[in-house]
Amino acid sequence: MTTPRALDGVTVEIYDTTLRDGAQQEGMNLTVADKLIIAPLLDELGVGVIEGGWPGAIPKDTEFFGLVDKEIEFEHATFAAFGSTRKPGARAHDDVQVRALLDSAADVVTLVAKSDIRHVERALRTTGEENLAMIADTVAYLVGEGRRVIVDAEHFFDGYRFDPAYALSALETAFAAGASDVVLCDTNGGMLPDWVHEIVSAVRLRSDGALGIHAHNDSGCAVANSIAAVLAGARQVQGCINGYGERTGNADLLTIVANLELKLGATCLPEGRLAEATRIAHAVSEVTNIPPYGRQPYIGASAFAHKAGLHASAIRVDPDLYQHIDPTLVGNDMRMLVSEMAGRASVELKGRELGIDLTGRPEVLGRVVDRVKNAEAAGYTYDAADASFALMLREELDGQRPTYFRVQSWRASVAYSEKVGGDGESEATVKVHAGGQRFVRTGEGNGPVNALDHALRLGLCEVYPEIEAFDLVDFRVRLLDTSHGTDAVTRVLIQTTDGERVWSTVGVGPNILEASYEALVDALVFGLMQAGIEPR
Ligand SMILES: CC(=O)SCCNC(=O)CCNC(=O)[C@H](O)C(C)(C)COP(=O)(O)OP(=O)(O)OC[C@H]1O[C@@H](n2cnc3c(N)ncnc32)[C@H](O)[C@@H]1OP(=O)(O)O
Ligand SMILES: CC(=O)C(=O)O
């Protein structure tokens, strides 16, 4: 028998504001084309409403609303245009910004309205009565034009704590004018879950209208506050993919959805869509050009990555002993990290991940654990360099590391001269044996490491043309102070791709060149091995 959950049988409407409030994040600047890529991803995820922007205020948003209807067929989501109530002392009918919301042709219009009397008097510079008239007039006008109108009650929680009667009058006015939902906004993001729960519960006692929650993360509680609001009766949640948004961000929509569905039993997305969460969040990151946050709950690359040896030994018995959910439910994977904190269980599980069965090989496991611990003490790091670890494992497995080539010697130098174009000022020469021949090749580059990489490839591509597809995509250097500054060593981490897969290798040495050489050689060997190439 399963234990009943607090939200079993409850449906929560998911309202995505990535394209509007998410775009208010510092450094984010979405083009119309970006929005046209992100919107279908949100629809694929199965959100109920996509807020596309503020037509009439931002020219790109006006253009986006003009295009979105023509270019994309949405399966699930309806579109919302965001804007504000009319100006004080005018009529909604005559307000150009309100007209732009109608012109956007969006089925839903979301109006930001003031509900904190201090904002009414000091920011709007009008009276409480006039603000209520602005809400009533604008909502009724848009409803009369056939739109579903959602009211985002800005600063509702702060306003309620200061003057509950006024905050409630704004909410009641919106419902009376025909708003389908009033969304209680923690605009300044300073609320705590207990406060949110208490206020939403109090509002519920006063109103039967549909409530929503829109939380910002300034107190680090946006997700918790959104969940508290739903537990107290809110039935719409607004938020952004990857928690994008102004200042510290909006509530991270996918964390909320995963918690509501998997922990509390609510229905937020169509059946099976939560399993697309990781893929879609990462696809949105590609468009925003903001690298995914590895430690993001549920969907981050590290969300189910285990480093401690003791965790691995329990996971070997049952993965659920060290994870709060099955990662596949959100489209993520469990990963084992091997490092100085590893034990034999970690190596065995990592081997399995790499397709190497180490059951019944305790001597190999013991050797690898010792080697990793000693290497990490000398500066290596394997949790960031899976490919170097895989090669080490193969070496310990009766010398299974393939010998594709042998470097007899290499040297690299930097020449200082006036730039005259070409590849660069640095030069490297390698003497390498491969395919039964000896090559001596010189490469140029914009630095000695780049020149060394070119020289190695020049020689090896003649025997292994597959190497031409390998690209170095990331190169990180760190000086390690292993003995209080007297004998610093250099660690280099390299990421390489063949266009499909990415692999990471590590090198350590007394200088950047030696460290880079080691990481470069591992990258080439691993790339060839992974492609199933036999030594020639
Ligand atoms: C909490 C939120 O995040 S709400 C979303 C906020 N998003 C944005 O502001 C992005 C888009 N904004 C814009 O492009 C511009 O600020 C515009 C077009 C909306 C307004 O620009 P401007 O006309 O130059 O006015 P400005 O930005 O200086 O001031 C905003 C005006 O709106 C008024 N206003 C603020 N909230 C509301 C409201 N809920 N209802 C009606 N009017 C409002 C302000 O009192 C001010 O009026 P004033 O011009 O008479 O002083
Ligand atoms: C409406 C909105 O974005 C806010 O109050 O934060």
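## Ground rules

The model is predicted, so local features need pLDDT of at least 70 and side-chain atom pairs count only at pLDDT 80 or more, while totals for chains, interfaces and linings use all residues. Residues are numbered from 1 along each chain as its sequence is written, with chains lettered from A and ligands numbered from 1 in the order in which they are written.

## Around ligand 2

Sitting around ligand 2 are Asp21, Val112, Asp152, Glu154, Cys185, Thr187, His214 and His216 (C-beta atom, placed from the backbone, within 6 Å of the molecule). This shell splits into two nonpolar, three polar and three charged residues (Ala, Val, Leu, Ile, Met, Phe, Trp, Tyr, Cys and Pro are nonpolar; Asp, Glu, Lys and Arg charged; the others, Gly among them, polar).

## A helix pair

Helices here are DSSP runs of H or I, at least four residues, and strands are E runs of at least two, both numbered from the N terminus. Take α8 (residues 193-206) and α9 (residues 222-231): Pro193, Val196, His197 and Val200 in α8 meet Ala224, Asn225, Ala228, Ala229 and Leu231 in α9 (C-beta atoms, placed from the backbone, within 7 Å). That contact counts seven nonpolar, two polar and no charged residues.

## A buried helix

Seven of the ten residues of α13 (residues 344-353) are buried, so this helix is largely enclosed by the rest of the structure (buried means 20 or more other C-beta atoms within 10 Å of the residue's own, all placed from the backbone). The buried ones are Ala345, Ser346, Val347, Glu348, Leu349, Lys350 and Gly351.

Their cover includes α12 (309-317), β10 (335-336), α14 (362-377) and α15 (386-396). After α13 comes Gly355, with a positive phi near 80°.

Conventions
Contact = placed C-beta atoms within 7 Å. Buried ≥ 20, exposed ≤ 12 C-beta atoms within 10 Å, placed from the backbone.
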